[in-house]
Amino acid sequence: MFKIKSILLCAVLLLAACGDDDASDNGGGGGTPLSVSTPVVSAVTSSSAVVSATATGSAITSRGVCYGTSANPTINDMKVTGTSKDMNITLAGLKASTTYHVRAYVQSSNEVKYSDDVTFTTAAETTSDLDKWKAPTYADDYRSIAGWAQRNQWNLANVHDPTVVKADDGYYYMYQTDASYGNAHDGHGHFHCRRSADLVNWEYLGATMSAAPEWVKTKLNDIRAKQGLDPIANPVYGYWAPCARKVKTGLYRMYYCIVVDNYIKTGKANTAANFDNSWTERAFIGMMETSDPGSNKWEDKGFVICSSSDKGKDGWSRPSASNWEGYFYFNAIDPTFVITPQGEHWLIYGSWHSGFAAVQLNPETGKTLKELGDPWADSVAGLTTNGYGKRIWTRGNSRWQGSEAPEVVYHDGYYYLFMAYDGLDVPYNTRIARSATIDGTYTGNETVLTHPYKFSGDQGWVGISHCAVFDDGQGNYYYASQQRFPTTAGGNAPNAVMMGGVRSIQWLSTGWPVVMPERYAAVPKVAITSDDIVGTWEHIDLGYKYGEMKQSSAVTFAADGTITDGVWKGGKWSFNASTNTLTANGVELKVQRECDWEASPRKHTIVYSGINGAKSYWGKKK
């Protein structure tokens with residue numbers, strides 16, 4: 001691989017001051033049965049509540065409260081654990097004006113006992129909710145806790161090429177490429193997982209795959225035998241870019257990539273010393289399934305598709321390491337899985353080699369609908385005939401192009417193709433195109449949605465792309481990606497710092513999406529007025545500049561609707577509070593409340609994002 005709404009729920013545990021549990025409550029004998037009292041709910045606000053209950057018994061392994069918007073929640077729903085028999089637990093991050101069900105529970109190794117179901121309704125949201133909101137406090141520079149032993153402190157540290165799916169249990173599950181700062185993931189499995197109830201606080205769950213499935217080596221050497229090549233006894237594998245989706249209630253699929261990093265001709269490992277005038281071996285896409293992402297147990301379902309070539313079965317020679325006329329045409333990396341409104345299942349995939357392909361899947365098996373032929377042909381048309389898909393997008397005509405990571409989502413009549421451009425270290429940026437059909441030609445201005453950038457008072461971020469695009473089931477969309485420190489940030493290997501970032505997506509009146517500049521932090525959605533717009537903002541023009549950080553400059557919006565300073569000086573502005581749309585100097589900008597991550601301490605602010613032709617604009621109020 002050549003790279004590297006309303007809010008839901010989070011829970012903060014407050015411990016009550018209490019005496020030590022008795023011996024039987026700590027498993028000290030006595031055979032005391034499990035007992036849990038009916039919870040008492042107090043101190044209810046628009047976003048939090050305090051739940052009190054008592055849980056006792058022998059050999060307790062866990063106790064706490066579970067909650068949700070449906071009756072009789074269980075420990076498989078949202079829960080917060082307690083550490084003493086008399087529990088006072090604060091539920092935070094709740095939705096305003098919403099009725100919740102809560103039950104206390106106590107658990108031993110072979111039994112779970114629940115209290116009666118109690119309901120409460122949160123208060124309506126008010127302006128004061130902004131004062132109650134607490135900004136995230138975790139550090140962006142996670143190098144001091146980057147090691148494996150500190151994984152429970154990571155939150156969104158060590159995130160690379162994420163994919164995110166919201167599951168039936170209310171959690172968002174994130175999976176990723178193995179890449180990590182200092183190679184912390186090495187030796188600890190593959191396609192690591194974390195989850196969150198609120199898209200802000202993330203719990204690390206561990207790897208979903210312990211080792212490469214046997215089918216990869218078998219399939220690789222079967223193909224090599226057809227080519228008249230010797231088998232590779234110990235392939236060198238890379239684990240890249242999964243895509244997880246909910247197929248239906250109780251069924252989730254994850255498409256994953258395993259790249260074989262050995263030369264085709266001799267089968268030797270890909271090193272400069274071993275170069276044998278051939279390209280390196282192909283990539284494979286496989287698939288896993290689970291009924292419960294919370295278990296983090298996935299069943300491998302095997303081979304789906306592999307890299308394929310239009311140069312025939314023996315056209316893999318490479319005259320020099322500086323030649324980039326790649327052997328493979330469709331590169332089986334970076335899958336995205338789409339279920340159309342008509343119920344068709346499709347896989348879009350591709351990276352660097354010639355563009356992206358679309359292939360239809362069998363909904364029952366998750367494998368290609370058409371049986372695959374040989375992964376080579378004498379023409380691109382032959383590859384399509386052999387079942388490897390149809391090219392739907394390319395960055396020019398080069399066989400080796402700086403584009404990868406297609407992510408396709410359907411929204412209001414169009415399939416939107418988010419894609420990564422350029423090298424991932426600094427210049428990485430996100431572009432967008434769309435099509436009325438899933439396998440049609442994707443067109444548009446290839447607008448830059450994300451780009452290396454810097455607001456004042458901060459070192460800025462680079463390498464922002466290879467995104468996951470997902471929704472919460474209630475019409476709110478999000479963009480998740482890695483982001484890196486610039487090379488000038490200081491300390492050890494700053495550009496290898498890979499922090500995950502989740503950002504809100506808004507949709508313009510033209511149908512096109514924009515990515516909000518600041519990371520999502522569950523800031524209360526208190527109404528924004530024209531008075532909030534008045535003042536000085538930091539404005540960034542995200543017009544494309546290869547490898548450069550776009551820096552902010554001041555723009556001032558006056559109370560009389562004029563723009564009195566900055567790049568739009570002399571223009572006019574207006575604000576539609578019903579759609580949170582700011583029109584400034586003729587540009588449509590979506591506005592919302594977000595966290596000012598550059599402030600110290602962090603605080604809430606207002607941001608905007610809009611599109612004008614092939615570039616985006618980002619803004620943040622000072």
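Reply: The model is a predicted one. A search of the whole structure finds 40 aromatic pairs.

Me: Why is the pair of W154 and Y204 called edge-to-face?

Reply: The ring centres of W154 and Y204 are 5.5 Å apart and the planes stand at 70 degrees. Centres within 6.5 Å make a pair, and planes over 60 degrees apart count as edge-to-face; therefore W154 and Y204 form an edge-to-face pair.

Me: What makes this pair a tie between separate parts of the chain?

Reply: W154 belongs to the loop between α1 and β11, whereas Y204 belongs to strand β14 (residues 203–209). These parts are 50 residues apart in sequence, so the pair ties them together.

Me: How do you know whether W154 is buried or exposed?

Reply: The relative accessible area of W154 is 2%. Buried means under 20%, so W154 is buried. The value for Y204 is 11%, and Y204 therefore counts as buried.

Me: Why is the pair of F191 and Y256 described as tilted?

Reply: The centres of these two rings lie 5.4 Å apart, and the planes of F191 and Y256 make 45 degrees. Stacked pairs have planes under 30 degrees apart and edge-to-face pairs over 60, so the pair of F191 and Y256 is tilted. F191 lies in strand β13 (residues 190–196) and Y256 in strand β16, 65 residues apart. Both F191 and Y256 are buried.

Me: Which residues do ring pairs link into a cluster?

Reply: The cluster consists of Y414, Y416, Y477, W507 and W512.

Me: What makes D140 and R602 a salt bridge?

Reply: The side chains of D140 and R602 meet at 3.7 Å, N to O. D140 lies in the loop between α1 (129–132) and β11 (163–166), and R602 in the loop between β38 (587–596) and β39 (603–612), so the pair ties together parts 462 residues apart in sequence. Both D140 and R602 are buried. The whole structure has 20 salt bridges.

Me: Why is K301, which forms a salt bridge with E299, called partly exposed?

Reply: The closest N and O atoms of K301 and E299 are 3.4 Å apart. K301 has a relative accessible area of 33%. Buried means under 20% and exposed over 50%, so K301 is partly exposed. E299, at 49%, therefore also counts as partly exposed.

Me: How do you know that K620 and E518 are buried?

Reply: Buried means under 20% relative accessible area. K620 has 1%, so K620 is buried; E518 has 1%, so E518 counts as buried. The side chains of K620 and E518 meet in a salt bridge of 3.7 Å, N to O. A network of salt bridges links E518, E538, D596, E598 and K620.

Me: What makes the strands β15, β16, β17 and β18 a sheet, and what is its order?

Reply: The four strands follow the order β15-β16-β17-β18 in an open sheet with antiparallel pairing. Its edge strands are β15 (237–248) and β18 (299–306), each of which pairs on one side only. Two strands pair if there are at least two bridges between them; strand β17 (residues 283–290) has six bridges to β18.

Me: Which residues have the most contacts inside the largest nonpolar core?

Reply: They are L91, F284, I285 and Y349, in a core of 83 residues. The largest share of this core, nine residues, comes from β16. A second, separate core of 59 residues includes L156, C467, F470 and W618.

Me: Why does A584 count as buried?

Reply: The relative accessibility of A584 is 0%. Buried means under 20%, so A584 counts as buried. A584 is found in strand β37 (residues 581–584). Beyond its neighbours within four places in sequence, A584 is in contact with F557, I563, W568, K572, W573 and L589.

Definitions and conventions: Residues numbered from 1 in each chain as written. Predicted model: local features only at pLDDT ≥ 70, side-chain atom pairs only at ≥ 80, totals over all residues. Heavy atoms only, no water. Helix = DSSP H or I, 4+ residues; strand = E, 2+ residues; numbered from the N terminus. Buried < 20%, exposed > 50% of the residue type's maximum accessible area, 1.4 Å probe, protein only. Contact = heavy atoms within 4.5 Å. Core = buried A, V, L, I, M, F, W, Y, C linked by side-chain atoms within 4.5 Å. Salt bridge = Lys/Arg side-chain N within 4 Å of Asp/Glu carboxyl O. Phe/Tyr/Trp six-rings, centres within 6.5 Å; stacked < 30°, edge-to-face > 60°.
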